[in-house]
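The following explanation is intended for a reader who meets this structure for the first time.

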Amino acid sequence: MAKQFLKGNEAVVKGAILAGCRAYYGYPITPASEIAHAAAMYMPLTGGTFVQAESEVAAINMVYGAASAGERVLTASSGPGISLKQEGVSYCAGSELPCVIVDIVRGGPGLGNIAPEQSDYNQVVKGGGHGNYKVIVLAPNSVQEMCDFGMLAFDLADKYRTPVYVLTDGFIGQMMEPVEFPEPIEKIPEKSWVVKGTDETSDNLITSIELDPDDLERHNQKLQQKYAIIEEQEQRAEEYRTDDAEIILIGYGIVSRILQTVVDKLREEGVKVGMLRPITLFPFPTKSMTKLAKSAKFFLTVEMSNGQLVDDIRLIIEGKIPVYLYNRMGGNVPSIKEIHDEVMKLMRLS
Amino acid sequence: MNTILKKSDSFYDVYERRPGADKLTTTYCPGCGHGVLHKLIAEALDDFGVREKTIFISPVGCSVFAYYYFHTGNVQVAHGRAPAVATGIKRAHPHSVVISYQGDGDLAAIGTAEIMHAANRGEGITVFFVNNAIYGMTGGQMAPTTLIGQKTMTSPRGRTVNNEGFPICMSEIIATLKAPVFVERVMIGDTKSTMHARQTVRKALKLQIEKNAFTFIEVLAACPSNMKMTPSRSRQWVKEVLADYFPLGVKKDVSGEFERKDLSRMVVKNSELHDALNIETAKVDSEKIAPYREKIINEEIKIAGFGGQGVLSLGTVLSEMSMRHNYEVSWLPSYGPEMRGGTANCSVKISKKKIGSPLVANPTILIAMNRPSLDKFEHDVISGGLIIYDDSLIDRKPTRDDVDVIAIPATKIADELGNTKAANMIIVGALIEYKNLMSQEVVLESLGDVLKRKNLVELNQKAILRGAEFIKNLKK
Ligand SMILES: Cc1ncc(C[n+]2csc(CCOP(=O)(O)OP(=O)(O)O)c2C)c(N)n1
């Protein structure tokens, strides 16, 4: 197996290309810029196209065009740029266009800073743009997963005709780890509904407009049914040392890597603690969560935001057990010691 | 006019997509310029035999439902974004004929950036820009092209220069750009001007079909309903008033000398993809690394110095070499809050076990290449840890007495080797020798694969050997 040492931001591009993606449209922003750099380097060399768009608004609309035309297409940005893309993501969702958007989250609101945060959770996981839609959200926590989810995202996008996000933080984008690259996929799936400038596709229409309220309601119901199937079939989560765990730490992205170390440390001290890492943020891993809530005394969610993931967990747990939050913001990262001490404090309380 | 109003093959016979009972007429008001322009376009697509190849982009505005009528591939898009969408489509299917059809609100207000940049890139598309000096769809608000003094719902006392500025002349602006091949403003006014518009539409499409040229056709057109005029009166107004402010004519035409733009993409076989992506297999020499198989290793290394001292690459080289010893490894650059304090630094974790947090708060090994780094990180090192510092640059000794300390004049030795920049590899050599972290042979052999600048491999190999030698002499 080919192992290469590289950055998360580069791995996601190589993964995407191995998954048959041949178009990248984006606007640079730290800490996501290496994605644009890698795409600019490799798209043309692999028979693809790369455009540095005039804005994120333009970029997502180029994505809309490429997806309409049947390409596997990628774009990437960070908070401020994702805000700008939201209009286009809503159109993609409405027109049921598969595409992949990478969000390497930085500190906000406003210009914030370029340090890692997880404060885009709400604007990504809750749809973000206007209308009744959701998007699949994958949350990698390693460079290997940046590659793997770069591939998986395209499969899910095509399978469900939906935009898929790869949502992670500046750390996972910036760090380097060894990656095993798989072989490229044989061929991207045939899509009969796209426009290709051919006779067979000249009756095809890509649109999100439905003037008649009944038609639009039907369209929305169809979307909701699709989301229900996704919720049923695509939940993914990693459990770490949860077997006999009385305390469950929950976090995604870089936080889950820190939590893993915290769990090991606490286990050495004899504390029965485990970790749940949501891999899909939509669909939310409700199955693992409800299962773990049956045996756990409490959950502690650790986030680099004002507590956005924790809201969803509390909705699922409905007060059955306490769900606590430990969070940092502004680009500060919760340390192993901080989390360790928080667990000890909560144990004394409960 | 009859000939051009005949239903063409590029229109559907029956407008099935149109809701309601009437499936035969368009949604456009009598006298509206959109209907006429649609016909001119459809007729040209027929005549050039490109209906099947055509992908028509409907904007937001009165022509939002152009897809009711055109029997072509159809894509309906967000307000103002048609040229960006067209970019994505044309690049996916260079053989197709892509039409971006837009109103004046769509193109000259909300979509100004998209049209400017698609034009500036010279995308191989045809833009039809319907300038009716008003927002039709939303009920007659002011457009960027509304004339001075013209009353609209949002300029009820007439547009003033003071408050709204001047009507914007898009064709003239687009014509200043280098990439557009053909830019003309025409009108749908009387029969003569419409017949001329017909020729212009054909020329523009032909230039896309034959040469992938970017062309931009502005069409002055009437909106009788919002102007509250009869169709004939509104056409008169277009001719006499609108065309007076927006001069008709060719604004740019370099179609003669323009050479066909090649939009084809490279063809790369799947079997060539790993090479094209520069995916290399890091060689692992299992025999040579055998002595390290049982080694228990759990290092958390902080490497810090000035930018330019090669601290980041010191970290990546160590990491690459660790990977070649089948160790788990992660590398994290100083980033975000870590960047405070004027030092560049990176964190490397090397372990036999899967690595949790890649962050290093309490290093087992600190490599300090300058004084601020030693000052900043000395007290974070775990008790029993190791501090390696460059004593040719750092003028004080570490104060800790519970850690191992190696003072190595890395910069001085590097200067002796003829390149200050090799100081980081001297430290690599020293570290792996001191800690017996890995096989020096493997490190030396792999250096060529790991370093980007191949002309520096030999120098850096020497540096690694010198670093190791320094430690051997210490141990003696
Ligand atoms: C983002 C956004 N803002 C506003 C609107 C509302 N809107 C629809 S059409 C339109 C103006 C269209 O005018 P124009 O482009 O001149 O086309 P016409 O209707 O005159 O053909 C506006 C403002 C919208 N659909 N989307």
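## A guided reading of the two chains

In chain A, the mean positions of the 34 positive and 46 negative charges are 6 Å apart. For chain B, with 60 positive and 52 negative side chains, the centres of the two sets lie 5 Å apart. The model under discussion is predicted, and every value quoted here is computed from it.

The overall form of chain A may be considered next. Its secondary structure consists of 12 helices and 16 strands. The radius of gyration of chain A is 20 Å, close to the 20 Å that the globule rule gives for 350 residues, so chain A is as compact as a globular protein of that length. Along the principal axes, the C-alpha trace of chain A spans about 70 × 50 × 40 Å. Of its 350 residues, 65% count as buried. Where contacts in chain A connect residues at least 6 apart in sequence, 78% of them join residues at least 24 apart. The accessible surface of chain A amounts to about 11900 Å², and 51% of this surface belongs to carbon and sulfur atoms.

The C-alpha trace of chain B spans about 105 × 55 × 45 Å along its principal axes. Buried residues account for 56% of the 476 residues in chain B. Of the contacts in chain B with a separation of 6 or more, 65% are between residues 24 or more positions apart. Its accessible surface is about 19700 Å², with 52% belonging to carbon and sulfur atoms.

Attention now turns to pairs of charged side chains. Over all chains, the whole structure holds 57 salt bridges. One of them, in chain A, joins D264(A) and R241(A), with a distance of 2.8 Å from N to O. This pair links distant parts of the chain, 23 residues apart: D264(A) belongs to helix α9 (residues 254–268), and R241(A) to the loop between β11 (237–240) and β12 (247–250). R241(A) has a relative accessible area of 40%, and is therefore partly exposed.

In chain B, R81(B) and E114(B) meet in a salt bridge of 3.3 Å, N to O. Here too distant parts of the chain are linked, since R81(B) lies in the loop between β2 (73–76) and α4 (82–92) while E114(B) lies in helix α6 (residues 112–121), 33 residues apart. Both R81(B) and E114(B) are buried. A salt bridge also joins E320(B) and R324(B), whose closest N and O atoms are 2.9 Å apart; both of these residues are buried.

T72(B) is placed in the loop between α3 (66–69) and β2 of chain B. With a relative accessible area of 0%, T72(B) is buried. Apart from residues up to four places away in sequence, T72(B) touches S202(A) and N204(A), together with L45(B), R51(B), T54(B) and F56(B). T46(A) is located in the loop between α2 (33–45) and β3 (49–52) of chain A, and it is buried, with a relative accessible area of 2%. Beyond its neighbours within four places in sequence, T46(A) is in contact with I17(A) and R22(A), as well as V268(B), L273(B), A276(B) and L277(B).

A cis peptide bond, with omega about 5 degrees, joins T30(A) and P31(A); P31(A) is in the loop between β2 (23–26) and α2 of chain A. The peptide bond from F282(A) to P283(A) is also cis, with omega near 0 degrees, and P283(A) lies in the loop between β14 (280–282) and α10 (286–295) of chain A.

In chain B, A133(B) has a phi near 60 degrees, a positive value in a residue other than glycine. A133(B) occupies the loop between β4 (126–131) and β5 (134–135) and counts as buried, at 0% relative accessibility. K228(B), likewise a residue other than glycine, has a positive phi near 55 degrees. K228(B) is found in the loop between α10 (224–227) and α11 (231–245) of chain B and is exposed, with a relative accessible area of 69%.

Terms used: Residues are numbered from 1 along each chain as its sequence is written. Chains are lettered from A and ligands numbered from 1 in the order in which they are written. This is a predicted model: local features need pLDDT of at least 70, side-chain atom pairs count only at pLDDT 80 or more; totals for chains, interfaces and linings use all residues. Side-chain values use heavy atoms; hydrogens and water are left out. Helices (H or I, at least four residues) and strands (E, at least two) are DSSP runs, numbered from the N terminus. The radius of gyration is taken over C-alpha atoms; the globule rule is 2.2 Å times the number of residues to the power 0.38. Buried means under 20% relative accessible area, exposed over 50%, partly exposed in between (1.4 Å probe, protein chains only). Contact means heavy atoms within 4.5 Å. Accessible areas come from the Shrake-Rupley method with a 1.4 Å probe; for residues, only the protein chains shown count as cover. Lys and Arg count as positive and Asp and Glu as negative; His and the chain ends are not counted. The place of a charge is taken as NZ of Lys, CZ of Arg, CG of Asp or CD of Glu. A salt bridge is a side-chain nitrogen of Lys or Arg within 4 Å of a carboxyl oxygen of Asp or Glu.
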